[in-house]
Amino acid sequence: MSLDEQHVTDPAEVSRLFNRIASRYDLMNRMMSLGQDMAWRASLVRAVADRPGPLLDLCTGTGDVALELKRADRSRVVIGADASLGMMRAGRHKDPRRTLGGWVQADAVALPVRAGSLGAVTVAFGVRNVARLDDLLAELLRALRPGGRLAVLEIFSPRSDLLGAGYDLYLRRVIPAMGTLVGGDGPAYRHLAASVKAFGRPEALEGRMARAGFTRVRSRSMNLGTIGLVQGDRP
Ligand SMILES: C[S@@+](CC[C@H](N)C(=O)[O-])C[C@H]1O[C@@H](n2cnc3c(N)ncnc32)[C@H](O)[C@@H]1O
């Protein structure tokens with residue numbers, strides 16, 4: 001199977017893929033979302049605003065969510081973690097005053113944090129790429145304090161078949177073309193369509209979070225059901 005069709009989940013390969021597209025990643029995000037992606041990330045930031053304690057933005061990439069978390073409350077400790085050094089390097093210039101508690105290279109399923117130490121974990125557009133999703137959820141439960149929250153922002157397939165067909169076309173044809181012209185790497189952006197298709201609907205993620213042991217699991221959909229915010233709390 002070629003990279004064009006494959007849903008890439010091997011951590012080393014995912015990291016290489018994001019290293020390749022890092023320098024144009026933010027620009028591609030703004031273009032692919034028609035400028036809406038920062039508003040979606042703002043919903044994620046609001047979802048964890050009332051959770052006391054240190055915050056981890058996992059799969060932080062170029063740090064947009066981590067930096068928004070910090071801007072929303074300067075007194076909070078916010079750490080960004082990602083497997084791709086290239087992505088974090090591409091984002092560091094956005095934090096010239098080094099306000100983040102750290103940019104940590106780590107695999108999502110083996111975090112270098114103490115058990116019960118985090119007030120909340122945010123993950124934007126990252127869990128789709130993690131092959132061992134159940135291990136990831138167990139790891140996040142371990143890392144969160146009782147009452148701590150996991151909030152996930154993701155791209156999902158819309159519920160309507162008609163919309164789904166149009167969206168699939170957008171992901172399979174328009175995004176890779178944009179990836180070639182602007183992102184400098186068409187095949188890397190073909191991976192997006194495959195990973196969205198494989199990931200399914202928010203209900204599936206909600207079910208896995210509930211089975212992992214999260215309580216008050218709920219979701220909210222945005223952008224005609226193509227973007228979802230799924231959250232749950234550690235009991
Ligand atoms: C689509 S980007 C999202 C970046 C950022 N959260 C945002 O909102 O733009 C996905 C990120 O997840 C990271 N990632 C994927 N699998 C990972 C894993 N197993 N452990 C740590 N980071 C991972 C990638 O390196 C990449 O930077």
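User: How many of the 7 residues of strand 7 are buried?
Analyst: This is a predicted model, in which local features need pLDDT of at least 70 and side-chain atom pairs 80 or more, while totals for chains, interfaces and linings use all residues. Residues are numbered from 1 along each chain as its sequence is written. Buried requires 20 or more other C-beta atoms within 10 Å of a residue's own (exposed: 12 or fewer; partly exposed in between; C-beta atoms placed from the backbone). In strand 7, which is mostly covered, the number of buried residues is 6.

User: Which residue of strand 7 is the bridge partner of Arg149?
Analyst: Strands pair when DSSP finds at least two bridges between them, and strands are DSSP E runs of at least two residues, helices H or I runs of at least four, numbered from the N terminus. Strand 5 and strand 7 are antiparallel, with 7 bridges. Within strand 7, Arg149 is bridged to Asp233.

User: Which residue in the turn between strand 6 and strand 7 has a positive phi?
Analyst: These two strands run antiparallel and are joined by 6 bridges, with Met222 opposite Ile227. Their hairpin leaves 4 residues between them, and the positive phi, about 50 degrees, belongs to Asn223.

User: Why do the buried residues of helix 3 line one face?
Analyst: Helix 3 spans residues 37-47, and its buried residues are Asp37, Trp40, Arg41, Leu44, Val45 and Ala47. The arc is taken from the directions from the helix axis to the C-beta atoms. The buried residues line one face because, viewed down the axis, they fall within an arc of 160 degrees.
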